[in-house]
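Dear colleague,

I am handing over the structure below, and after it I set out what was found. Please read the notes with the model open beside you.

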Amino acid sequence: MNSWLSRIQQAIYNTTFMYTLRMLIAFAGTAFVPYFYGNQLYTIPLTLGVVAAGLSDIDDRFSVRIMNQLYTYIGFFITAVSIYVLFPYPILFAIGLIVSCIGWILLGSLGRRYATISYGCLVISVYSMLGVHLFEHWYTQAGLLVIGAMWYGLISTISFLLFPVRQAQDKLAQSYSSLGDFLFAKSNLFDVDMTPTSYQQSMIELSLENGKLIAIFNDMKTALLTRLKGDRGQKDTRRSLQYYFVAQDIHERADSAHIDYQKLAKIFEHSDILFRFQRVLSIQAKACKDLSISILHRQPYHHNTRFKHAFRNLRHSLDKLRAEQHYDQVWVNALFSLYQNLKAIDSQLQNVETERHIKFDKVKHVENQLKDDDLKGWDDVVVRVKQHLTPESVLFRHAIRLSVVLFIGYVFVQLTNIEYGYWILLTALFVSQPNFNATKRRLYLRIVGTLIGIILGYAILYFIPSVEGQLLLLILSGILFFELRSKQYAQATAFITILALINFNLDGLGFEAAMPRMIDTLIGCALAWFGVSFIFPDWKFRRLGRTINRSLQAQCDYLTEVVEQYKHGRNNGLNYRIVRRAAHNTDADVASLISTLATEPDFDSHQKALAFEFLCLNHTFISYIAALGAHRAKIEDPEILQLMAQALDDIQGALLKDEVPDLSAQNMISQIRQRLALQNDEDQKSLIILQQLSLMFSILKQLSQLKQNLSHDHDQKSTELASL
């Protein structure tokens with residue numbers, strides 16, 4: 001009996017299973033209720049309503065969720081009715097298509113909620129075009145689409161009421177899983193066989209993993225913030241908040257760099273010390289993965305017993321290095337600082353489970369520990385929209401580009417009267433992305449997925465002629481589409497194609513629709529490619545220099561806050577977390593932009609080499625700051641405090657004002673290092689500060705020069721392109 005209860009509990013806590021069950025109920029309702037009532041044609045708009053609502057679903061607290069759904073249903077109904085009313089008037093329809101497309105996309109500037117609702121309305125608009133001929137009355141298709149959406153919304157809301165913190169905990173599990181990937185990437189820097197090429201590749205991979213982790217942290221923060229504003233599930237949410245803060249602190253320590261890894265590999269290539277550091281990082285990465293699984297399955301996390309043995313041997317190797325005195329003690333001391341950092345990560349992982357049992361009554365005003373980015377009123381709405389009314393805005397360019405692409409597609413359909421032509425618009429809508437690289441990737445996957453879907457769809461319609469069998473496969477296709485849409489886009493496209501063919505077959509047109517769908521897909525992909533390549537192409541508006549400057553400014557702000565805490569004592573308050581998150585966000589922006597630019601047509605090889613070199617140095621610099629932040633504590637030594645102030649001025653001058661720093665800070669480092677006796681904890685703290693500042697100064701000139709070269713070259717090239 002206990003075994004059965006345990007299995008049932010595991011199934012309930014399995015997010016994939018519960019999501020599949022939700023979609024199964026939703027599609028089963030839209031497929032078989034019309035069948036039992038003898039009107040299979042209703043299955044088409046009901047199913048499409050479920051698809052659109054599923055694409056528009058957003059995680060939020062109960063009251064806001066209800067409001068989101070209400071706005072969504074109103075938007076769906078108005079959009080579908082507008083399509084029906086304007087459809088007989090091509091000129092008015094074309095004008096309405098352009099205006100509504102721009103309006104819906106710019107609505108996304110108000111935040112995540114509005115972006116998902118507007119995307120759902122765009123999807124509904126094209127679905128309405130596909131089915132406008134199916135029903136006689138203006139309200140029939142619109143009403144059925146909304147009923148399908150409401151049916152999905154009802155199931156989604158019931159699921160939320162039963163498990164109010166499930167999605168927040170899933171995102172938390174995802175955070176720790178991504179943190180594990182980051183630690184695995186970090187462990188590659190301790191490879192004793194590292195070459196300059198492999199080091200750069202490892203740094204690029206680390207920077208990209210950091211970008212993924214920061215994006216997940218941002219999603220996690222949004223999920224926590226919206227729940228902390230409500231009442232339901234607050235206890236579990238506060239525990240999740242504690243886990244989130246622990247993950248952020250682990251990330252700061254893990255991202256720390258106490259040493260130049262290339263030099264480290266050369267100096268200690270015949271020692272076991274690097275292997276031991278690499279092993280500890282690897283098992284800490286595995287521990288984060290294990291913790292992620294524990295959170296997903298709602299099971300206690302058990303800290304790996306291997307850590308004790310690994311740390312004991314690592315400490316023994318470090319003591320031997322210090323005793324032998326074959327190596328410069330600066331390097332040995334840096335390794336000891338790294339060891340202390342890894343021990344701190346181990347302590348956080350070991351104690352994270354006990355945080356679940358802490359009573360949070362002592363936490364006052366916990367909402368204030370996260371920055372609230374929600375709208376504050378109509379003035380905020382106006383400001384956010386105005387910010388995007390310029391070609392410099394990615395959102396504005398995407399709005400204009402997509403509206404023009406849909407307009408061209410509509411004109412093409414009107415002129416050629418091509419069969420099932422509105423699939424062209426649907427394909428262009430799904431494929432078009434804000435940047436060239438993402439659109440190009442989706443083009444290929446969409447074509448492959450559609451081809452596979454048509455082949456499988458033909459086989460299904462031929463070998464399974466019964467309506468009941470086809471409805472069962474419609475349900476299965478819908479479920480698999482939602483399961484795979486964010487993981488395997490080609491496979492998801494194949495299943496939505498099968499769903500579409502079965503839907504058409506309910507109107508007796510399944511076989512006839514297959515080849516036109518393939519042709520329409522190719523035309524839609526061609527239009528999307530044309531749009532992203534020639535209508536406000538990103539590379540004419542990208543300002544690599546501006547993104548670089550924003551990143552360096554954020555890093556200087558981060559360093560400023562760290563220096564302040566050395567004056568007044570360690571403080572994990574909101575301001576520190578904001579500047580730290582801003583620094584990592586802008587570092588992730590640089591990584592994302594450079595990796596995207598590298599795939600675009602006009603990015604020459606010399607510029608590409610410089611950009612990736614900057615990417616490595618930029619992440620290295622923030623890692624040096626992170627190490628300084630990880631060890632921050634109040635310092636009483638006035639000479640150290642004066643040094644930090646001088647170093648901060650020099651770094652800000654070099655990175656923000658392109659000034660050449662004098663040697664005063666470097667000279668102070670040498671003088672203070674000679675004075676330190678290393679006989680107490682204060683000296684050890686001071687030594688860490690000296691080491692980190694030395695590392696920053698060692699790459700400061702190169703980082704500043706790369707910034708100037710990239711800013712000047714890329715912005716000049718962008719200006720030339722824009723003037724063509």
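Does Tyr119 count as buried, partly exposed or exposed? At 29% relative accessibility, Tyr119 counts as partly exposed, where buried means under 20% relative accessible area, exposed over 50% and partly exposed in between, with a 1.4 Å probe and protein chains only.

Before going on, please note that this is a predicted model, in which local features need pLDDT of at least 70 and side-chain atom pairs count only at pLDDT 80 or more, whereas totals for chains, interfaces and linings use all residues. Residues are numbered from 1 along each chain as its sequence is written, and side-chain values use heavy atoms, with hydrogens and water left out.

The protein chain has 724 residues, of which 54% are buried, and its secondary structure comes to 28 helices and zero strands (DSSP runs numbered from the N terminus, with H or I and at least four residues for helices, E and at least two for strands). Among the contacts with a separation of 6 or more, 82% are between residues 24 or more positions apart, a contact being heavy atoms within 4.5 Å. The chain exposes about 31600 Å², with carbon and sulfur atoms supplying 59% of it (Shrake-Rupley method with a 1.4 Å probe; for residues, only the protein chains shown count as cover).

To return to Tyr119, this residue forms an aromatic pair with Phe430 that is tilted, at 6.5 Å centre to centre and 55 degrees between the planes. Rings of Phe, Tyr and Trp (its six-membered ring) pair if their centres lie within 6.5 Å, and planes under 30 degrees apart count as stacked, over 60 as edge-to-face and the rest as tilted. Tyr119 lies in helix 6 and Phe430 in helix 17, so the pair ties together parts that are 311 residues apart in sequence. Phe430, at 9% relative accessibility, counts as buried. The structure holds 24 aromatic pairs, and one aromatic cluster is formed by Phe87, Phe93, Tyr410 and Tyr422.

Next come the cavities. A cavity is a set of points, on a 1 Å grid over the protein atoms alone, where a 1.4 Å probe fits but cannot get out, and lining residues have an atom within 4 Å of a point. Grid points are joined across faces, edges and corners, and a volume is the space filled by probe spheres set on the points. By this rule there are eight cavities of 30 Å³ or more.

The largest cavity holds about 220 Å³ of space, and of the 20 residues that line it, the closest to its centre are Ile44, Leu48, Leu130, Trp423 and Phe504. Helix 3 (43-56), helix 6 (112-131), helix 17 (422-431) and helix 20 (489-506) each supply at least two residues of this lining, with the largest share, five residues, coming from helix 20. The lining divides into 14 nonpolar, three polar and three charged residues (Ala, Val, Leu, Ile, Met, Phe, Trp, Tyr, Cys and Pro count as nonpolar, Asp, Glu, Lys and Arg as charged, and the others, Gly among them, as polar).

The second largest cavity has a volume of about 120 Å³, and its lining has five nonpolar, five polar and two charged residues. Helix 4 gives the largest share of that lining, five residues.

Finally, Asp249 has its place in helix 10 (residues 234-255) and is buried, with a relative accessible area of 13%. Leaving aside neighbours within four places in sequence, Asp249 is in contact with Gln348, Asn572, Arg577 and Arg580.

With kind regards

How values were computed. On a 1 Å grid over the protein atoms alone, a cavity is a set of points where a 1.4 Å probe fits but cannot get out, and a pocket is an open set with protein on both sides within 12 Å along at least five of seven lines; lining residues have an atom within 4 Å of a point.
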